[in-house]
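Here is a short tour of a two-chain model, meant to be read with the structure open beside it.

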Amino acid sequence: MAALLEIRNLSKSFGGVAANVDISFDVAPGEILGLLGPNGAGKTSLFNSISGEVTPDVGEILLEGRRISGLGPVACAMAGIARTFQVVRSFDSMSVRENVMVGAFTRLGSTRAAMAQADETMEFCGLTRRADAPAHMLSPAEKRRLEVARALATGPKILLLDEMLTGLTPTEAQEGVALVRAVQARGITILMVEHVMEVVLPLVSRAIVLNLGRVLTIGTPAEIVKHPEVIRAYLGDRYAAG
Amino acid sequence: MQNAITLRRRRELITAAILLVLLIVLPLPFHDPYTRNLMILTLLYAALAQSWNILGGTCGQISLGHSLYFGVGAYVSTLLFVWHGVPPWFGMLAAAAVAGLLALLVGWPCFRLSGHYYAIATVVVQEIAYLLFLNWDYIGGASGVYVPFHGQSWMNLQFRTAKLPYFYVMLGFFALTWIAAWLIEGSRWGFSWRAVKDDVIAARSLGVRVFPSKMAAAAISGGLTGVGGAIFAQFVGYIDPDSILSGPLSILIALPAVLGGVGTLWGPLLGAVVLIPLRELSSTFLGSSGSGVDLMLYGALIMVVALMRPQGLVSLFQRGRNGSAS
Amino acid sequence: MTFDQIMQVALSGLLMGLIYALVAAGLSLIFGLMDVVNFAHGELMMVAMYAAFTLWQVSGLDPMIMLPLVALLMFGLGMAVYRLLIARALAVRFNKGMVQIFVTFGLAIFIRGAAQMVFGGEFRAVTGTVLADRSWHLGGIFLPLPQLAAGFVCLLAFGALFLIGRTEFGRALEATREDRDAVALIGIDRDRIFSLGWGLGAATLGVAGVMLAGFYYVSPNVGANFALIAYVTVALGGFGSLMGALVAGLLIGEVEAVTAQLLEPSLKQVGMFAIYLAVLMFRPRGLFGKI
């Protein structure tokens, strides 16, 4: 099966500091791929390259075989890449519904159509109750949902989730996991950066671990957990097996 | 489809309809030309400010040189009328087209300039136009252009002494600008501009591209302002660069919107209703001897509103769109 | 055109350009410091001119002697404007950029009205001073002394500004300009710097205004002309750059003089506006702009 997203030898530096070094991997259509690694490993930087905010210095990114690296965030969004932000970026002068409509307008021209799409997406994400609340008055968990809803409304092929589950209560995290599964069930591929291992490992089919800008390993959750270098990277030498 | 947004939109339309009816009957009890004149001017500036607001408020590009479109529109329509006898109703269309095109030409290079630089660039462009028109003797130069009176007719928008017809034409013009603003606000463009104003990075990540819609906003804003110029020319019967292409006029076009509430639907009307009578009255009673007190009042009002109520006077009447205090 | 005529045009353009440069320097200083375009800049200069005129009328002394006094008064006025208006405008959370534009605009109109109320709309002139109506003959070139003196003083003022840039205050100004959010960390009181910056900007207008009063008519609208030229000059030179203000001012002065000669005097500003727009298209930051 052809890969949906291909990352080929991607490298990116910021002012002399190498954020990503020679990263290559594929994302299969319909899978949930985890992007893990300690702080400073280069996860967000990689995200930014995929979503178009940043242009890689070396290498390329292909979506369904078409080059999208360096095209900018708008072109990437039109191509089918949607993302959430680690620190929620809601449109605070607008209501939840209006926020989601902005996403819907990516592919739809008429306000009526965008409203209908927003209704559907809000329902899917459990935000209908808060549809007319101002975005800035949402609880943190609701704001995360809004980020997802807004991104989903664009009708993406792949959804990039940036630490969506971090900092939530266990209940909220479980609801978040259910939402991610539901998104996958719709046929949308997911690439998620996550910090909280216990929550993300049961969710993903595969995971990539980054460390110091490079790919440490790619594998199933079971393999990752037992990988000595992964353990060392996260917990330090003392906890490494053997 | 029924939701908070559609309900609000419907309320706005109903309010507008009621207001329209009120305005239609408003001038009838007042027969003196001074009062009627005041009403006509108030509606004119409300309409001009509403047009300005499409670019300056909703789209966020503060233009301080908008008299460019007013003046060019007036010249286009008037010269067509004076030289070729073209009725001003068609002249208005020509004025809209030329002014709109001009707005695109100005916007194309200038939109990538940030706020202050953009404002100054609009002033400079307008000043260049002013100087050029002032020295262009073929179209009248500093002496301006007189609109010859061809007899009372609706076709030519000329009336001997009656002011009432002009009032209704102005009302129609204002209604046009209001509808344009209302339509744009609820459209995809309106959403994209607000998104960009709130968070440009998030907006871009959702595929919001702003340049094409900004160009459209500029064309509509400039075109409508040009129509205002065409109507004004028939109303006063004489145009010259000092009266229709000046810096102070540019400010006067923007000011009702700023006073009333930039980016709001009712702001320009509210601002005009407060500002224009105030200005005319203070000019008549305080400024006739050139005493400058009217300017001081005017300037103080601007400073106070800008500092105390930057959201504009409209915010005194509402608690915010979604039930939250502004 | 003879060589003398060319030199006449060139030199008078240069002298006027020095004044434009000084006016622009004050504007650039304020903008570079706090990202506020002072739309009342021209009117503040008009205040300085009226101050010079009034002091001359009252005392009979040459306005140039009043220079330090006027500069000091303007310094105080600048600080007052900052404290009473600008500081409040900066504190507004809604639509900051627009608030700044219209607050300073309102101030401009207010000052113009006040000038009209106090002095009336007629044109006033300072006459009969030491330098008035005298010029320096250099071959076939006539350089009016008041303009010459103005150019000289403006040059000195620029020198002073450059020197101030080297003092601790100057460095604090520069630091605040570079990163106004971080300076609190190194003990710079940002509010005080802004206040002093406005004072300095207004003081430069004081110098320019006094010298201008020596040969230019004073009226409530005189500020508006110079203001627009100042904005163009600053945008051309680059907001925040002192050298840019000087170079751009000289350039604008020359372009104006040449345009007046080649086209006609009433069109003399078209040249500088065209240059401004051209530069802006290719270099939005201006010639020396750091922002």
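The buried residues of H6(B) pack against H1, helix H2 (33–58), H7 and helix H9 (211–236) of chain B. Here a residue is buried if 20 or more other C-beta atoms lie within 10 Å of its own, with C-beta atoms placed from the backbone. Helices are DSSP runs of H or I with at least four residues, strands are E runs of at least two, and both are numbered from the N terminus. Among the buried residues of H6(B) are B:Phe167, B:Met170, B:Phe174, B:Trp178 and B:Glu185.

Helix H6 of chain B covers residues 164–185, 22 residues in total, and spans 31 Å from its first C-alpha to its last, close to the 32 Å expected. That expectation is 1.5 Å times one less than the number of residues.

## How to read the model

This is a predicted model, in which local features need pLDDT of at least 70 and side-chain atom pairs count only at pLDDT 80 or more, while totals for chains, interfaces and linings use all residues. Residues are numbered from 1 along each chain as its sequence is written, and chains are lettered from A and ligands numbered from 1 in the order in which they are written.

## Chain B as a whole

Chain B contains 13 helices and two strands. Of its 326 residues, 53% are buried. Its C-alpha atoms fill a box of roughly 55 × 45 × 45 Å along the principal axes.

## Where the chains meet

On the chain B side, 23 residues are in contact with 30 residues of chain A; contact means C-beta atoms, placed from the backbone, within 7 Å. Helix H1 (4–25), helix H7 (188–198) and helix H8 (200–205) of chain B each supply at least two residues of that side, and H7(B) gives the most, with six.

## The sheet of chain A

Which order do the six strands of the open sheet in chain A take? They run E6-E7-E8-E3-E9-E10, with mixed pairing; two strands pair if DSSP finds at least two bridges between them. Strand E6 (81–83) and strand E10 (214–219) of chain A are at the edges with a single partner strand each, so one side of each has no neighbour in the sheet.

Strand E9 (residues 206–211) of chain A runs antiparallel to E10(A), joined by five bridges. A:Ile208 has A:Ile218 as its bridge partner in E10(A).

Methods
Contact = placed C-beta atoms within 7 Å. Buried ≥ 20, exposed ≤ 12 C-beta atoms within 10 Å, placed from the backbone.
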